Every structure is written in C-alpha cells, then in structure tokens.
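Biologist: I would like to learn how to read a structural model feature by feature, with the rule behind each term stated before it is applied. Could we go through it in that way?

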Amino acid sequence: MAERAVPQENTGINTGIQQSNGPYPEATAESLDLEDSHQQGKKHLVAFSNFPSNGACVYDLCPGPSSSCMTTKELQQHWGAVKHRLKPVKLLFEIPSARTIAQHLSKYVVYQIVLIRSGSYDSKRVSVERRYSDFVHLHQQLLEDFSEELEEVILPRKLLTGNFNPETIWERRLALRDYLAQLYAVHCVRHSHHFLDFFTEPEQRRAHGLLRAGQFGPAVALLETVLELQEKMGGWQSPVLLVPTLCALTVCQRDLEEPESAFTMGQRALPTVRRYGLKRYRGPLLEMMVDLGYQLGRPVAQLQEELVQVRDAERGLLSFRSLKELVVQEFT
C-alpha cells in the first residue's frame, strides 16, 4: 500500500484563505465563487501542473496537495473533485411558504427559504426560516460594506399595517425571493461572510447552545442542516468552511455513543485540517480519532504517530485542549 507523507504545518502555502477571529475562517471571493467555477477549474489545472523544483506542494484558488503527497486512490479522488468543479453552479432561492407566530407580546411572520443548487441534480431539500427583521439586519450589514454595489438592490419596504393579510404575505414572499436573487447576482455580496451568516449563523448558535447543555441529539439535527447549507453555498469548493461543523458533529455523535458516525465525520474533517494547516483543530481532532479508532477496532498506528509529532511540535506553544473543549467555546 502506498504510504502518504504527512504535510508539514508551516509550508508557506498560499491557500487563498484569510484567517478570521471566529471559528469559521474567512474565505476569499475567489475561493467561494460558485458561478465562475469553470474558470477556477482551469486556473487550478494550470497551477497543479507547475510544481517548484524543491517538490513543495502548490495550491491555487482550489487548493489540493501535489501528486507526491497523495496515494493513487487519493489522486483519482482529487481529480474527480476538480472535474466536478468545472460544472457551472449557482444557487437558486425559493420561499414556498410562510407562517405567523403569535407570542405573549408580539406577533410576526417567518418565511421558509429553500436553497437549490443548480448545475447538477440537487436531491437535498434544505431550508431555514427567517423573519423580515432578519432581512433588514442583513441589508444594513451589506450596505456598510457594499453601498455602491447595492445602489439598485432594494429591500422590500416595511409595512405599517396589513402585515398578516394572506395576500400581503404572498406578495412579500415573492419580493423577498427576488431580493435574495438580486443579492446573489452581486459578486462581492454572495462571497461576503454576511451573506453566508444570514443562512447559517442562527442555527449554528442554537446548535452550540444545545451542545453546551448536553442536548446532543437536537444539536446534531441542527448541525446537519448547517452542514448541508454550507455545502450548497461553497463548502465543496472551500472545504475549510466545513471543518468546525464537522468537528462539532464528531463531538456530538461521540457523546451520543455513535462512534462509527463520529469517526466518519472526523475522517471528513482531517484531510482539510492537514491541508490547510488548521493547527487549532489538528491535535484535538487526531486525539479524538485515535480514541474512536480504538473503540471501533480500526488501525490507528499512523494517526497515533502523527498525533505524537503534532504534540511535540506544539509543546510550549499551544495549550492542549480536547476537541470538545474547543467546540464548546465557539459561538459563545
């Protein structure tokens, strides 16, 4: 069996990813561009064929390790993923329904937003619910950064009366759907963290709150929705966006005594953690994978050796934390 060389942490690789203070690294516009994925694919092909003489791995807009860092199977999977990126993909938005919620001192309407990825058969129906005030907050955030680009994008106006009239709700559903489509048509907007956060952050915060309360089952349901949303909105091109969600799912499923599912989530996260040099996740995730591997009777010698190397490199530089300790501190 071909042996895989573990990439060094400090490679000097330009991954196209900017570091952010939050748990989710901020992606550049290029690394998230769905509609222009055909051009990205061509750029990646050129970059992949031009390796420096010292054998270092080169990454461009869609990072991937050099052939010297990959087994034959991994190389086949990598080029399959590159081929997938060549398909032009964009998002479509639908707001098929709305419902009125009456509380003690307030009454409001929530709109169901369905995201559909075009360019290939999209069998996963994933949706979120947002209030009109959520749209207002998004619009205000976007105007702070992109006022010139949004000169012709108008948020449906606030109504003082008739908000709960069925005809008014129907008209607003259509108007908000068109508003999201207009935002997505603006290149810098669809790649902004504000746009991504609008669809994922409320569910992320609720999921991590449930996780901290020990309610792992409901947390998993929300995190799975977040993961599907992130995949639709660019995670398949920028997998670093998925790592915190995958790690949170690993923790929840481990504590639900579902080691097989937890190990699978960890396996999805680990290659990206290695490739992008996400040091804060690498040691804790490896430690979790070794423990799960022992439970499942999987071979863990290579993982254990890698963990020892990571811990030796981190000694004196980083405090050792478990993956659960890392996850529970996010979205606090």
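Modeller: Let us start with the terms for packing: helices (H or I, at least four residues) and strands (E, at least two) are DSSP runs, numbered from the N terminus, and contact means heavy atoms within 4.5 Å. Axes are lines fitted to C-alpha atoms, for helices over the stretch in contact, and angles run from 0 to 180 degrees between N-to-C directions. In this predicted model, local features need pLDDT of at least 70 and side-chain atom pairs count only at pLDDT 80 or more, while totals for chains, interfaces and linings use all residues. Residues are numbered from 1 along each chain as its sequence is written, and side-chain values use heavy atoms, with hydrogens and water left out.

Biologist: Across which strands does helix α8 lie?

Modeller: Helix α8 (residues 216–235) lies across β3, β4 and β5, and runs at about 100° to β5.

Biologist: In what order do the strands of that sheet come, and in which sense do they pair?

Modeller: Strands of a sheet pair through backbone hydrogen bonds, either parallel or antiparallel; the rule used here is that two strands pair if DSSP finds at least two bridges between them. In this model 3 strands form an open sheet in the order β3-β4-β5, with antiparallel pairing. Strands β3 (91–102) and β5 (126–131) are the edges, each pairing on one side only, and neighbouring strands are turned by 25° against each other on average, direction ignored. Helix α5 (residues 166–185) also packs on the sheet, where α5 touches β3 and β4 and its direction makes about 145° with that of β3. Between β4 (residues 107–117) and β5 there are 6 bridges, and Gln112 has Glu129 in β5 as its bridge partner.

Biologist: How should I read a nonpolar core, and which residues have the most contacts inside the largest one?

Modeller: A nonpolar core is a set of buried Ala, Val, Leu, Ile, Met, Phe, Trp, Tyr and Cys residues joined through side-chain atoms within 4.5 Å, where buried means under 20% relative accessible area, exposed over 50% and partly exposed in between (1.4 Å probe, protein chains only). The largest such core has 39 residues, and those with the most contacts inside it are Cys247, Tyr281, Leu285 and Leu323. A second, separate core of 32 residues includes Ile169, Val186, Leu229 and Met233. Leu285 touches residues including Cys247, Gly266 and Leu323, when residues up to four places away in sequence are not counted.

Biologist: Is helix α9 mostly covered or mostly uncovered?

Modeller: Helix α9 is mostly covered, with 11 of its 13 residues buried; Cys247 is one of these, and its relative accessibility is 0%. The elements covering the buried residues of α9 include α7, α8, α10, α11 and α13.
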